[in-house]
Amino acid sequence: MTELQQTPAWLALEQHYRQNKHLHMRDLFDQDENRFEDFSLNLNDILYDYSKNRVTDTTMTLLLTLAEQSDLSRWIERLFSGDKINHTEHRAALHTALRDNGDEPIMLDGVDIAPEIKEERAKVKKLAEKIRSREWRGVTGQAITDVVNIGIGGSNLGPLMVNEALRPYSLHDLNVHFVSNLDESHINGTLEYLDPKTTFFIIASKSFMTQDTMVNAETARQWYVDGIGNDDNIHKHFSAVTANLTLAREFGIADENIFKMSDWVGGRYSLWSAIGLSIVIAIGSDNFDELLAGAYEVDQHFREAPLAENIPVIMALLGVWYNNFFDAQATAVLPYDQHLHRFAAYMQQVDMESNGKYVDREGCEVNYTTGPVLFGEIGISGQHAFFQLLHQGTKLVPSDILAPIFSFRCIPRHHRALMSNVFAQTEALMRGKTEKEARAELERQELDQEAIEALLPYKIFPGNRPTSTFLFDTLTPRTLGSLIAMYEHKVFVQGVIWNINSFDQWGVELGKQLAATIESELNDAEKIDTHDSSTNGLINHYKQRRPPSKSLYK
């Protein structure tokens, strides 16, 4: 066993699990009329209800003891103080500094980085507001009508999710597009209806060498040059967010259009930085400030609230409880707000890229499970897709449900129907339907006894399926910032408990390295025999079947 599994708190949780794993939430609610009040927390307009989880007061006490024995409070301070907690890359993880609106210095290696952050944010806002106000003009003197963000991973998913979530706050005659896929269909489909004279590009890449991004960037540049006839005024249509100023300049981007990325911000935590340029263009500076403010409020809550009243901590501990003791291998994120339709995809990256690790901070292989498989969909759509498994499948899938009390343009009939599903699903997943209840329901349908007995097994719902519900007034920029930060900190807490580094991502490197080798092998028609038989066969089949084109061999 590793050290984690030998801690008193872990051993106590194992014993508690064995003694209580068959407890049914239906009984817990029947026994305690105050369960909702005892197992829910509030922060501003957000209500976090975790009462429909398979926990008791004792469970929570033991989980909180596990957090304390993991030295969580000290790790939280290390996160905010700029310690190099990303030890494999010798970097701090200071994304919280990007939304800090306090007056205190933010120290990193003895230097106050707050002025640099504010200066870069002001530069982003200046360009964004020029585009929004139509002051910024393209090569022919026309205003910008379309902005295309070209990036991958955190340089795409975060801004894309936020722009979709806050669409009601956007300028609707200024279109923001996102291109991430190397498949040429993505950029071709995006540029097909755009005009190079009125299109502005953001090339978002920390290294300015990421293949996915730079291939698309080069295609965009050529599309612009073909449309305009020259590249003399490329600075009027291209910007970059990067740490590699030299390559950005070589691409043709003017210094005033290059925005800095710092190495102490990971890609999946970067939407708060200059990577959020597309967000500021879409929703404006004031709303972007509100987004940052919502995250900052959660940062303060996470840093200052007692662990037992700390929403990200409770979220994390519940995940550990199911992942490591119930052997739940997946968790679902289910927003009941159409504008959050990319929220689960973004949280997949935040969670799975952070905690999808099998080696601990000491470089030793762990023998307990770490990050779960995270998936999700808009709740209403999910009900007609995978909720069958949630209700009656053989796998336990804890679920988070997020819903607004009213929407931006609320139609009462729509919203009552929507919210009835939110409340019904959490109740159904918790209570289930017993054999007695199912039999009574079938008898009311006046079926004969043979039909009742035949249908009865299919009508029983085991229940006891955990859900946590986030209710918030409406999806404002501030509320969205808070929700994102809650999940960020939840992931960090779980990484602390599992003793893994949540801020590196070496797992993405191997595929990139092999792709670079294979790409060179695709530049001619020669048969390949340098890989395993499957990879050789796939490459050779592709090379044999692809249509002849001179451009393939350039």
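**Reading a predicted protein chain**

A search of the whole structure finds zero disulfides, where a disulfide would be a pair of cysteine sulfur atoms within 2.5 Å. This is a predicted model, in which local features need pLDDT of at least 70 and side-chain atom pairs count only at pLDDT 80 or more, while totals for chains, interfaces and linings use all residues. Residues are numbered from 1 along each chain as its sequence is written, and side-chain values use heavy atoms, with hydrogens and water left out.

User: How many helices and strands does the protein chain have?

Analyst: Helices (H or I, at least four residues) and strands (E, at least two) are DSSP runs, numbered from the N terminus. In the protein chain there are 22 helices and 13 strands.

User: What does the radius of gyration of the protein chain agree with?

Analyst: The radius of gyration is taken over C-alpha atoms, and the globule rule is 2.2 Å times the number of residues to the power 0.38. For 554 residues a compact globule would have a value near 24 Å, and the 26 Å of the protein chain agrees with this. The C-alpha trace spans about 80 × 60 × 55 Å along its principal axes.

User: Is A67 buried or exposed?

Analyst: Buried means under 20% relative accessible area, exposed over 50%, and partly exposed in between (1.4 Å probe, protein chains only). A67, which is found in helix α4 (residues 57-69), counts as buried because its relative accessibility is 0%. S70 is also buried, with a relative accessible area of 14%, whereas C364 counts as partly exposed at 42% relative accessibility and C410 counts as partly exposed at 36%. Over the protein chain, buried residues make up 52% of the 554 residues.

User: Which residues is A67 in contact with, leaving aside its neighbours within four places in sequence?

Analyst: Contact means heavy atoms within 4.5 Å. With those sequence neighbours left aside, A67 is in contact with L72, L307 and L317. For S70, not counting residues up to four places away in sequence, the residues touched are W75, V496 and I497. In the protein chain, among contacts with a separation of 6 or more, 74% are accounted for by residues 24 or more positions apart.

User: How far apart are A67 and I150 in sequence and in space?

Analyst: A67 and I150 are 83 residues apart in sequence, and their C-alpha atoms are 40 Å apart in space.
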